[in-house]
Amino acid sequence: MAVQLRKIDEQVVVITGATSGIGLTTARMAAEQGAKLVLAARNGDALDQLASELRRKGTQVCTVAADVGVPADVERIGQAAMERFGRIDTWVNNAGISIFGRNEDVPIEDMQRLFQTNYWGVVHGSLEAAKHMKTRGGGAIINLGSELSERSVPLQGLYAASKHAVKAFTESLRMELEKEKAPISVTLVKPAAIDTMFAVHARNYMDKEPALPPPIYAPEIVAKAILYAAQQPKRDVFVGGASKAISSSGFAMPRVMDKFMNASMFKQQQSNLPSPPNRRDALYEPDPRNELRQRQGMPKHVAESSAYTAVTLRSHKIAPVLLGVGALFAAWTLARRPALRKAFS
Amino acid sequence: MAVKLKKLEEQVVVITGATSGIGLATAREAAERGAKLVLAARDGDALDTLAHEMRQRGAKVATVAADVGDPADVARIGKTAVEKFGRVDTWINNAGIGTFGTLEQVTLEDMQRLMQTNFWGVVHGSLEAVKLLRAHGGGAIINLGSEASDRSIPLQGTYAASKHAIKAFTESLRMELEKDKAPISMTLIKPAAIDTPFAKHAKNYMQNEPTLPPPIYSPELAARTILHAAEVPERDLFVGGGAKFTSVLSQLLPRSIDRYMRGSMFDKQQTDKPSSPNRRDALHQPDARQELRQRAGLTPKPIDKNLYTTLGMHSTATKTVLVGGALLAAYAVWRKPKLGAWHA
């Protein structure tokens with residue numbers, strides 16, 4: 001991908017789902033680094049509050065109350081960005097929601113609603129972004145997948161299905177844009193479990209409150225990965241070594257993963273607290289009592305850094321070189337062992 | 001999966017998309033082997049013709065005109081099966097459709113319709129099947145994924161997305177059923193390109209008529225693979241070694257596959273015949289002129305026997321013996337001091 005991307009302080013960055021979790025963390029980090037922001041979410045009040053906070057620190061912000069599942073809303077996001085700032089450099093399709101429960105227990109309407117936000121929201125956003133980026137010399141489309149883009153899990157079947165579909169769509173769009181030689185970088189970010197409001201906002205059909213299985217990582221790590229990909233073309237970024245591990249193991253040993261997940265994922269995706277009867281969630285409407293929070297503050301340990309992500313972000317050229325050097329060194333060492341030399345003479 | 005499945009001749013088998021391609025080939029093969037059939041598709045006339053053909057050969061067949069994208073229609077398929085035959089043993093979610101064109105070209109409406117059939121049809125069918133199988137002692141659910149379940153392709157982005165989603169949903173449902181120790185086997189079939197009317201039925205946005213890239217395999221190979229999974233619990237089965245090859249390479253070398261597909265998949269998914277302006281397809285409605293055809297007659301000649309697929313259907317014990325034996329033989333040859341010594 002010989003795509004040239006601007007430094008973040010020269011960029012106009014669109015972020016959907018900007019009032020919570022990963023989206024909120026990324027918006028604040030991007031603002032700190034000097035980007036101009038176009039922030040979208042369903043809750044206009046939360047957006048106003050966030051914009052006010054960011055403007056006090058000197059950031060240029062435009063907000064759009066929008067539901068990414070509605071194509072006309074997403075068009076408004078694109079239009080607002082072009083009218084206010086004249087171009088879009090990076091578009092982050094981040095808005096997403098989940099449902100916890102067995103597939104047999106979740107009503108079809110809820111499944112469809114999840115898919116409308118998580119998959120069609122990404123389709124609408126990506127196509128809107130590509131349309132505008134082609135007129136202004138290019139940019140970066142960054143889609144939030146998940147470790148569940150590569151391997152499914154019990155009790156979040158539709159969430160995993162939507163993230164698998166996002167992966168496929170992103171992969172296809174990338175090839176089509178590259179065929180046209182469009183100067184657009186397309187990135188799929190695949191986070192492991194992240195401490196956000198994800199479990200609080202999710203709809204729940206289990207007896208107990210939802211929880212995420214460890215290891216859990218900080219949303220700042222995802223935000224850093226997103227902003228890195230906004231400036232350096234990357235195909236995929238796993239955030240959290242666990243994400244890469246699940247993906248590789250899922251591919252290499254699917255039956256082992258089936259059994260491992262059955263042994264652990266039912267317990268680890270439920271907390272000890274019962275799910276209250278009048279529990280609110282953000283599947284159909286935003287939950288105003290739970291806005292503008294980056295983290296839930298999960299009771300389990302949250303990793304504040306990921307060595308795996310840090311190394312892979314910086315070393316896309318170094319890794320194969322290191323592997324090659326390592327392999328040569330191993331071969332040289334083995335060749336020097338007397339027993340082996342005798343065997344080969 | 002310690003699930004026991006009946007022999008096909010004792011089974012009641014539901015097949016969606018039964019009037020064309022893989023579904024049709026599977027229905028005919030199953031009928032030949034004595035299964036009782038519940039066949040679903042949108043085109044009631046085609047179903048009647050097919051049922052008539054099969055009954056003349058002694059098969060017991062019930063038909064249901066249904067759109068798998070509609071949960072009420074899918075509930076009717078289940079109801080009909082129980083009314084006619086008292087139970088379901090195997091439910092094959094096969095109905096599917098394609099679109100050819102870039103993601104920027106294809107309308108959102110057409111993308112949504114594709115997803116409604118391909119993904120939601122499988123969700124509706126699987127959940128209906130689980131209900132019925134739980135009530136009647138278990139059985140098999142067989143979902144048609146694709147090699148595009150593991151790796152996307154240009155010009156068929158939404159199709160690939162739907163097949164990826166099917167894979168994830170099937171995987172999740174499988175784990176939940178196993179946790180419950182339900183006597184239900186869940187199989188994901190991942191065919192490579194198959195010679196069916198898939199390209200003819202697909203909605204086309206390209207300048208030229210769509211086709212599929214080689215290697216192309218026969219729908220009968222797919223049918224045999226599916227019916228194997230109806231009798232023997234299997235997790236995943238590729239149809240065509242090419243599908244497995246693509247899947248593995250895509251995991252190991254995604255950028256290389258991106259480049260390869262960019263270089264070849266735009267050309268190889270089109271013929272050199274222009275697409276006619278009044279071209280019909282089966283995305284929103286069935287195409288009555290293209291019903292009841294297993295094959296489209298694609299070139300190059302479709303492969304009917306595939307060693308990889310056949311091996312995939314053997315037990316782990318058999319595979320260990322075969323592979324182990326081959327390795328042993330290779331070792332023996334390597335250790336022979338000089339091949340020339342045999343001439344002495």
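## Where H4 meets H5 in chain A

On the H4(A) side, A:Met111, A:Leu114, A:Phe115, A:Asn118, A:Tyr119, A:Val122, A:Val123, A:Ser126 and A:Ala130 meet a set of residues in H5(A): A:Leu158, A:Tyr159, A:Ser162, A:Lys163, A:Ala165, A:Val166, A:Phe169, A:Leu173 and A:Leu177. (Two residues are in contact if their C-beta atoms, placed from the backbone, lie within 7 Å.) Sorted by class, that contact has 14 nonpolar, 3 polar and 1 charged residues. Here Ala, Val, Leu, Ile, Met, Phe, Trp, Tyr, Cys and Pro count as nonpolar, Asp, Glu, Lys and Arg as charged, and the others, Gly among them, as polar.

This is a predicted model, where local features need pLDDT of at least 70 and side-chain atom pairs count only at pLDDT 80 or more, while totals for chains, interfaces and linings use all residues. Residues are numbered from 1 along each chain as its sequence is written, and chains are lettered from A and ligands numbered from 1 in the order in which they are written.

As for geometry, H4 (residues 108-135) and H5 (residues 157-179) of chain A pack at an angle of about 15°, with their axes 9 Å apart. That makes H4(A) roughly parallel to H5(A) (angles under 35 degrees count as roughly parallel). Axes are lines fitted to C-alpha atoms, for helices over the stretch in contact, and angles run from 0 to 180 degrees between N-to-C directions. Helices (H or I, at least four residues) and strands (E, at least two) are DSSP runs, numbered from the N terminus.

## Chain B against chain A

The contact takes 35 residues from each of chains B and A. On chain B, the elements giving two or more residues are H4 (108-135), H5 (157-179) and H9 (254-268). H5(B) supplies the largest share of that side, 16 residues. By class, the chain B side has 18 nonpolar, 6 polar and 11 charged residues.

## A look at A:Glu291

A:Glu291 sits in the loop between strand S13 (270-274) and strand S14 (302-303) of chain A. Is A:Glu291 buried or exposed? A:Glu291 is buried, with 21 other C-beta atoms within 10 Å (20 or more counts as buried, 12 or fewer as exposed, and in between as partly exposed, with C-beta atoms placed from the backbone).

Leaving aside neighbours within four places in sequence, A:Glu291 is in contact with A:Thr19, A:Ser20, A:Asn43, A:Ala46 and A:Pro286. A:Asn43 is 248 residues away along the chain, yet its C-alpha atom and that of A:Glu291 are separated by 8.5 Å.

Conventions
Parallel < 35°, antiparallel > 145°, perpendicular 65-115°, else oblique.
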